[in-house]
Amino acid sequence: MDHALRLAVRGLGNVWPNPAVGCVLVRDGRIVGRGWTQPGGRPHAERMALQQAGEAARGATAYVTLEPCAHHGRSSPCADALIAAGVVRVVSALTDPDPRTAGQGHRKLRDAGIEVTEHICSAEAARLQRGFLNRIEHGRPMITLKLASSLDGRIATASGESQWITGPEARRHVHLLRSRHDAIMVGGGTAHADRPSLNVRGISTPRQPARVIVSSRTLPELPAEDDRHGPLWQVSGPLDEAMKSLAERGVTRVFCEGGGQLAASLLAADLVDDLVFYSAGLVLGAAGRPSVGDLPCAALREMPRFRLVRSCPVGADLFQLWTRR
């Protein structure tokens, strides 16, 4: 299952509105097939693994990071494909909350005489699938807020100079994270001031993320959708409604890169699921521009808190991943 989870990561940012799933087929102690959800959401991980295994799938065990689907879409259900291939056991990490499956995939397999083991590595799978789970269960995408600042939390000097606070390694790492999200989001002020590209550069990706501008103002002229730029969308109004509108378009994972007021608004609305922080080894002082705007919380106990998941150097800078408590 650990291997299946690592395969599933390859689909992040490329398969929405589908979940990023991994599948490993094992027979007689040997891996005979591997698969992960392909760009655009098809084919599914199970079908990739079955195609690779061929006849070796008969009598095999399938390790799948999400319950095999039970509904008909552009192809027949993966549960049916596993049955037809002669798989004798299915080990899954999570039950699919999509009402079109929601336990029916497991039921189909059991009715066909296949042994089913559930909830293996479920915590790890749930973290991987948070975008998909958020969209199905809460009607909004998962939101990752990126902050990159000096040691004292500043993103620019008082005059607005900001290029570059972090080093080239950290900036390349940001593009890796962009590639694992469905959309990149900024506020209207950032869009007008910086005219950002909001795309993935320097890393091969089969699908550029959508570009989302949160603003009620007329947008500045930005590149049209092409091979190097994803679709450009504008959302406005209450943030929770704006995020619901993205979920309705199929978006599961959003990477927010500013500016400071949008970051504050997301935090105040309790919409930030992960916070990634790049800290550079310099100090800009109180006159520098803060990375986060004013928060309405008055008491310390009301301030948003996060739990540290990972911390490591990236070039000359420090990378930290925090998740909501």
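For the classes used here, Ala, Val, Leu, Ile, Met, Phe, Trp, Tyr, Cys and Pro count as nonpolar, Asp, Glu, Lys and Arg as charged, and the others, Gly among them, as polar. The structure is a predicted model, in which local features need pLDDT of at least 70 and side-chain atom pairs count only at pLDDT 80 or more, while totals for chains, interfaces and linings use all residues. Residues are numbered from 1 along each chain as its sequence is written, and side-chain values use heavy atoms, with hydrogens and water left out.

Pockets were identified on a 1 Å grid over the protein atoms alone, a pocket being an open set of points where a 1.4 Å probe fits, with protein on both sides within 12 Å along at least five of seven lines; lining residues have an atom within 4 Å of a point. Grid points are joined across faces, edges and corners, and a volume is the space filled by probe spheres set on the points. The second largest pocket has a volume of about 540 Å³. Its lining comprises 21 residues, with Arg 127, Arg 180, Arg 253, Arg 310 and Leu 321 closest to the centre. By class, this lining divides into 10 nonpolar, three polar and eight charged residues.

The largest pocket has a volume of about 1100 Å³. It is lined by 35 residues, of which Lys 146, Ser 162, Thr 190, Asp 194 and Glu 257 lie nearest its centre. The lining of the largest pocket contains 15 nonpolar, 12 polar and eight charged residues. Its largest share, five residues, is contributed by α7; helices (H or I, at least four residues) and strands (E, at least two) are DSSP runs, numbered from the N terminus.

In helix α4 (residues 104–111), Gly 105, His 106 and Leu 109 are buried, that is, under 20% relative accessible area with a 1.4 Å probe, protein chains only. These residues lie on the same side of α4 because they cover an arc of only 100° around the axis, the arc being that of the directions from the helix axis to the C-beta atoms. The buried residues of α4 pack against α3 (78–85), β4 (89–92) and β5 (115–117), contact meaning heavy atoms within 4.5 Å.

Leu 109 also belongs to the largest nonpolar core, which has 38 residues. A nonpolar core is a set of buried Ala, Val, Leu, Ile, Met, Phe, Trp, Tyr and Cys residues joined through side-chain atoms within 4.5 Å. A second, separate core of 26 residues includes Met 185, Val 212, Ala 242 and Leu 271.

Definitions and conventions
Buried < 20%, exposed > 50% of the residue type's maximum accessible area, 1.4 Å probe, protein only.
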